[in-house]
Amino acid sequence: MLNEFLTCMKEQGWNVELNQGAEVCLPKKIKERYANIPQVWLDFISTVKGIKNHEDTTWFLCADNFEAQPDHAFQWNEWEIISLESAEHDIEWENEIKEFWDSHLPIILSVHGGYSYYAICMKDGCIVRGEEPEFEECTKAANSLDEFLQKIIQREIVIQ
């Protein structure tokens with residue numbers, strides 16, 4: 001199904017870059033924070049180096065994105081950072097934000113028409129979507145990553 005998904009994205013004008021044989025490893029801090037990462041996603045980032053739309057306003061987070069990237073406008077956890085800044089040192093609110101993001105691994109970020117994301121819920125493997133201003137108020141998009149990719153292929157979910 002991954003090949004079908006990548007073909008679909010290319011047909012929709014997305015820039016798709018594949019990894020070239022090197023083993024892909026997530027940073028230790030990501031593996032420690034997200035203990036239940038689905039194997040399907042690990043396989044995905046082992047194959048895919050990057051996918052972004054032609055406007056460079058929406059992108060899938062792949063292994064390289066989880067490294068510190070001071071030259072990039074947005075870090076992999078940018079929406080968490082924004083939420084924590086909004087909490088203005090309200091410890092209870094900050095803890096709620098951290099708890100949410102500790103159990104939701106972002107896999108797609110978008111600035112197309114506003115800030116939004118898709119993430120894998122570590123509790124059950126479902127895919128959720130959230131957007132500004134309350135990033136932590138999200139809705140379920142699919143029951144699994146496989147289902148999510150299939151919905152994209154079938155155009156039930158359109159990512160711009």
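## The second largest pocket

By class, the lining of the second largest pocket consists of seven nonpolar, seven polar and three charged residues. In this classification Ala, Val, Leu, Ile, Met, Phe, Trp, Tyr, Cys and Pro are nonpolar, Asp, Glu, Lys and Arg are charged, and the others, Gly among them, are polar. The model is predicted, and local features need a pLDDT of at least 70, side-chain atom pairs count only at pLDDT 80 or more, and totals for chains, interfaces and linings use all residues. Residues are numbered from 1 along each chain as its sequence is written, and side-chain values use heavy atoms, with hydrogens and water left out.

The second largest pocket holds about 190 Å³ of space. Its lining comprises 17 residues, and those closest to the pocket centre are Ser110, His112, Ser116, Arg129 and Gln160. At least two lining residues of the second largest pocket come from each of the strands β4 (104-110), β5 (116-121) and β6 (127-131). Strands (E, at least two residues) and helices (H or I, at least four) are DSSP runs, numbered from the N terminus.

## The largest pocket

The largest pocket contains about 470 Å³ of space. It is lined by 20 residues, of which Lys52, Asp56, Trp59, Asn65 and His72 are the closest to its centre. Two or more lining residues of the largest pocket are given by each of the elements β1 (15-18), β2 (48-52) and β3 (58-60). The largest contribution, four residues, is that of β2. In terms of class, nine residues of the lining of the largest pocket are nonpolar, six are polar and five are charged.

Both pockets and cavities are found on a 1 Å grid over the protein atoms alone: in a cavity a 1.4 Å probe fits but cannot get out, a pocket is an open set of points with protein on both sides within 12 Å along at least five of seven lines, and lining residues have an atom within 4 Å of a point. Grid points are joined across faces, edges and corners, and a volume is the space filled by probe spheres set on the points.

## The cavity

How many cavities of 30 Å³ or more does the structure hold? There is one cavity of 30 Å³ or more, and the volume of the largest cavity is about 40 Å³. The residues that line the largest cavity are Trp41, Phe44, Phe60, Ile107, Leu145, Phe148 and Leu149.

Helices α3 (39-47) and α6 each supply at least two residues of this lining, and α6 gives the most, with three residues. The lining of the largest cavity has seven nonpolar residues, no polar residues and no charged residues.

## Helix α1 against helix α6

Helix α6 (residues 145-153) also packs against helix α1 (residues 2-11): their axes come within 9 Å and cross at roughly 40°. That angle makes α1 oblique to α6. Axes are lines fitted to C-alpha atoms, for helices over the stretch in contact, and angles run from 0 to 180 degrees between N-to-C directions. Angles under 35 degrees count as roughly parallel, over 145 as roughly antiparallel, 65 to 115 as roughly perpendicular and the rest as oblique.

The crossing of α1 and α6 is left-handed. Glu4, Phe5, Cys8 and Met9 of α1 make the contact with Leu149, Ile152 and Ile153 of α6; contact means heavy atoms within 4.5 Å. Six residues of the contact of α1 with α6 are nonpolar, none is polar and one is charged. A left-handed crossing has the near helix turned anticlockwise from the far one by less than a right angle, and a right-handed one has it turned clockwise.

## Helix α4 against helix α5

Helix α4 (residues 78-86) packs against helix α5 (residues 91-102) at an angle of about 170°, and their axes are 9 Å apart. The two helices α4 and α5 are therefore roughly antiparallel to each other. The crossing of α4 and α5 is right-handed. To the contact, α4 brings Trp79, Glu80, Ser83, Leu84 and Ser86, and α5 brings Trp93, Glu94, Ile97, Lys98 and Trp101. The contact of α4 with α5 has five nonpolar, two polar and three charged residues.

## Backbone details

Glu132 and Pro133 are joined by a cis peptide bond, with omega about 5°. Pro133 is located in the loop between β6 and β7 (138-142). Asp56 is a residue other than glycine with a positive phi, near 60°, and Asp56 belongs to the loop between β2 and β3.
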